[in-house]
Number of protein chains: 2
Amino acid sequence: MKPTIYDVAKEAGVSIATVSKVINNQQVGKKSKEKVLKVMKELNYKPSILASALTGKRTSTIGFLLPDLANPFVAEMARRVEDRAHERGFNLVICSTDFDTQKEAFYVSLLKQKSVDGFILAGRFNNEEVITELLEEQTPVVLLTESYPSLSVNSVKVDDFMGGYEVASHLISLGHEKIAVIGEDANSSRERIRGYKQALQDKGLEICEEMIVISDSSPEDVERLTGQLLDKSIPPTAIFACNDLLAISVILAVRERGISIPDELSIVGFDNTLLSRSTDPPLTTVGQPIQDMCSKVVDLLIEEIEGKSKTKQRIVLLPKLIIRKSTGVHRSKIKDQSN
Amino acid sequence: MKPTIYDVAKEAGVSIATVSKVINNQQVGKKSKEKVLKVMKELNYKPSILASALTGKRTSTIGFLLPDLANPFVAEMARRVEDRAHERGFNLVICSTDFDTQKEAFYVSLLKQKSVDGFILAGRFNNEEVITELLEEQTPVVLLTESYPSLSVNSVKVDDFMGGYEVASHLISLGHEKIAVIGEDANSSRERIRGYKQALQDKGLEICEEMIVISDSSPEDVERLTGQLLDKSIPPTAIFACNDLLAISVILAVRERGISIPDELSIVGFDNTLLSRSTDPPLTTVGQPIQDMCSKVVDLLIEEIEGKSKTKQRIVLLPKLIIRKSTGVHRSKIKDQSN
DNA sequence: TTGAAAGCGCTAACAG
DNA sequence: CTGTTAGCGCTTTCAA
């Protein structure tokens, strides 16, 4: 059916070894080479990557595990990773793990069976055991967006601490003193919160632990938590949501209560997703250099795949505060000033 | 390094044939079977899918080509497709084509070399030649979201015509008579527009061609077109954007002009993406049964892969109008009523 | 420069 | 029920 290397060899009057050599352009007599090339074209011959991988070559495909492809931020990363991978001649097989330890293990195992050349693990990856195993068998892996402080593994992420610090600083400079935080159960959130606390401390503000809450990321939970925050005797004048998706849920909850943004409540997100531009008001957020990060993970992984990497790296890129309309001076402060 | 079927055979004291049989659970003596299973576990043996595919079995991976993974609607589809594929034991290798004929051809060719079992092509696929070729060589293919009227190929999509019809009917029932449309250069848009026209006609309204514009999908272009529409001597009182992403750009453009939605202008989208809930006001849109569609494409494809499919199918699911806050009676009508 | 042949890990007759 | 053996399509020595 589909032509094989034998068909080409026969048609070109040479041995399959010769054909193989022109495929991998090694030394071949000019005449033979031309002949083979011509026949390959005629027969529309494409070498089977399966077969060549079986003999030890790469499959040129990368396993890309992420929490949920439907998440716009994740999807954008996936696209950037895909682009870079494509430039470097690799394909991606993408699997959503939903933070599920079972799925994580399952997919890694399955993709190993399919002989992917390496893995990119994006976002929080719960199954530390799996990572350890990968590391032990020297399977190339790079983490994206999160890192495991205790493991010697390549990773690329943004400086979450700094992002959190900048958000809080911005809010404080606007006069806010009661700043709540809604985070997720992930290292990145924890780092952002750590940055936030540091900023409060540096400015001599009191850190109030009950203003810091962790959600399970579902819109319902976020709305509930937002409600709780707002119902406090002294409610916050600003809420820092640890990512844009959370921020949107916050906005919806807030809007439902008829509270105006930013006059009565400032809101900040994180990630600078598409979403953040289309909310009303447009969301102040922290931009991650997605493209850069994604190029870097791919490059790092390929380096490891090609065996060129000397030592493990933790690459940390700097985030950038993007001020839009969801943050401002609180109404009460405005009165103060006009008095 | 990694254990092979030989290692298992030797360790279990049987032939590789026997091992192979237990892998594919065929008839094997109970004792041997147990022994082999035990050894497989001990050695943590996983059969190489490459090798087995080389002998004619499937790779259990599907090539999924789509326009742009960073598009939230597309990403959500990808996730649903992935889920179903996973349930059926398949993986996805995802490639973004950007509507680029070259990339389309390139990826299809590459994935064929990688021996994917079949293709899902989502959205407008420009390279008809490639589809024809796929069809000729009997490679399983299913189109998602778009269909090629002239080709005998499986496809799953929503009834775009009906969606457009419902949008227009809704708007008309609200009293709108000047309804503009912003579409894309794709069959789905054309169908939606056809539905829109039919509705106008059915209600005895005049169809004004200059109220119908096609954008290149970039936010800038959409904003420009929106401006043009609004600057007409008799501007529309409603705009039907052929998808949510377009609708958002329209909203941004409209908001910039200080026009209020829906009092002065109603806006409708299409797709019911996540985005449509978080805009302000929340967007009236048309919901596609994404999950259903995606399960169906996968099932259809796998049927073809397994050779069970008798005839080609074009599956058309019905859309559903979702009325939110971006549409309403125009201010002028309200006055009329109060007079 | 070229080709014969072994082998990658697995499946599938076919014998036994 | 089990094992032998011949491939699957390609790469890679090793001779010629």
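Helix H3 of chain B, residues 30-43, has 14 residues and reaches 20 Å from its first C-alpha to its last, close to the 20 Å expected at 1.5 Å a residue. The model described here is predicted. Within H3(B), the residues B:Val36, B:Val39 and B:Met40 are buried. Viewed down the axis of H3(B), the buried residues fall within an arc of 105 degrees, so they line one face of the helix. An α-helix has 3.6 residues a turn, so residues three or four places apart point the same way. The buried residues of H3(B) are covered by elements of chain B that include helix H1 (5-12) and helix H2 (16-23). On the face turned away from the buried side, H3(B) carries the exposed residues B:Lys30, B:Lys31 and B:Lys41. Just after the helix, B:Asn44 takes a positive phi of about 55 degrees.

Helix H6 of chain B, residues 101-113, has 13 residues and reaches 19 Å from first to last C-alpha, close to the 18 Å expected at 1.5 Å a residue. The buried residues of H6(B) are B:Glu104, B:Tyr107, B:Val108, B:Leu110, B:Leu111 and B:Gln113. At the start of H6(B), a side-chain oxygen of B:Asp100 comes to within 2.7 Å of the backbone nitrogen of B:Gln102. Just after H6(B) comes B:Ser115, with a positive phi of about 60 degrees. B:Ser115 is placed in the loop between H6 and strand S3 (118-122) of chain B. With a relative accessible area of 22%, B:Ser115 is partly exposed.

Chain A also has a residue other than glycine with positive phi: A:Ser60, near 55 degrees. A:Ser60 is found in the loop between helix H4 (49-54) and strand S1 (61-66) of chain A. Two cis peptide bonds also lie in the model's loops. The bond from A:Asp280 to A:Pro281 is cis, with omega near -5 degrees, and A:Pro281 lies in the loop between helix H12 (275-278) and strand S10 (285-287) of chain A. In chain B, the bond from B:Ile261 to B:Pro262 is cis, with omega near 5 degrees; B:Pro262 is in the loop between helix H11 (244-256) and strand S9 (266-268).

The largest nonpolar core has 139 residues, and those with the most contacts inside it are A:Phe64, A:Leu144, B:Phe64 and B:Leu144. A second, separate core of 36 residues includes A:Val116, B:Cys95, B:Val116 and B:Val141. Leaving aside neighbours within four places in sequence, the contacts of B:Leu144 include B:Phe64, B:Met77, B:Val81, B:Ile120, B:Val156, B:Met293 and B:Val297.

B:Asn154 lies in strand S5 (residues 154-158) of chain B. At 2% relative accessibility, B:Asn154 counts as buried, the limit being under 20%. Its side chain joins that of B:Glu304 in a polar contact of 2.7 Å. The side chain of B:Asn154 also reaches the backbone nitrogen of B:Gln313 at 2.6 Å. Not counting residues up to four places away in sequence, B:Asn154 touches residues including B:Val141, B:Leu143, B:Leu300 and B:Thr311.

Side chains of opposite charge can pair when their charged atoms come close. Over all chains, the structure holds 48 salt bridges.

| Salt bridge | N to O distance |
|---|---|
| B:Asp299 and B:Arg84 | 2.9 Å |
| B:Asp299 and B:Arg88 | 3.0 Å |
| B:Arg190 and B:Asp185 | 3.0 Å |

B:Arg88 lies in the loop between H5 and strand S2 (91-96) of chain B, so its pairing with B:Asp299 in H13 ties together parts that are 211 residues apart in sequence. B:Asp299 is partly exposed at a relative accessible area of 22%, and B:Arg88 is partly exposed at 32%.

Elsewhere, salt bridges that share partners join A:Asp68, A:Asp98, A:Lys103, B:Arg79, B:Arg80 and B:Asp83 into one network.

Notes
Residues are numbered from 1 along each chain as its sequence is written. Chains are lettered from A and ligands numbered from 1 in the order in which they are written. This is a predicted model: local features need pLDDT of at least 70, side-chain atom pairs count only at pLDDT 80 or more; totals for chains, interfaces and linings use all residues. Side-chain values use heavy atoms; hydrogens and water are left out. Helices (H or I, at least four residues) and strands (E, at least two) are DSSP runs, numbered from the N terminus. Buried means under 20% relative accessible area, exposed over 50%, partly exposed in between (1.4 Å probe, protein chains only). A polar contact is a pair of N or O atoms within 3.5 Å; within protein, one must be able to donate a hydrogen and the other to accept it, and residues adjacent in sequence count only if both atoms are side-chain atoms. Contact means heavy atoms within 4.5 Å. The expected span of a helix is 1.5 Å times one less than its number of residues. The arc is that of the directions from the helix axis to the C-beta atoms. A nonpolar core is a set of buried Ala, Val, Leu, Ile, Met, Phe, Trp, Tyr and Cys residues joined through side-chain atoms within 4.5 Å. A salt bridge is a side-chain nitrogen of Lys or Arg within 4 Å of a carboxyl oxygen of Asp or Glu.
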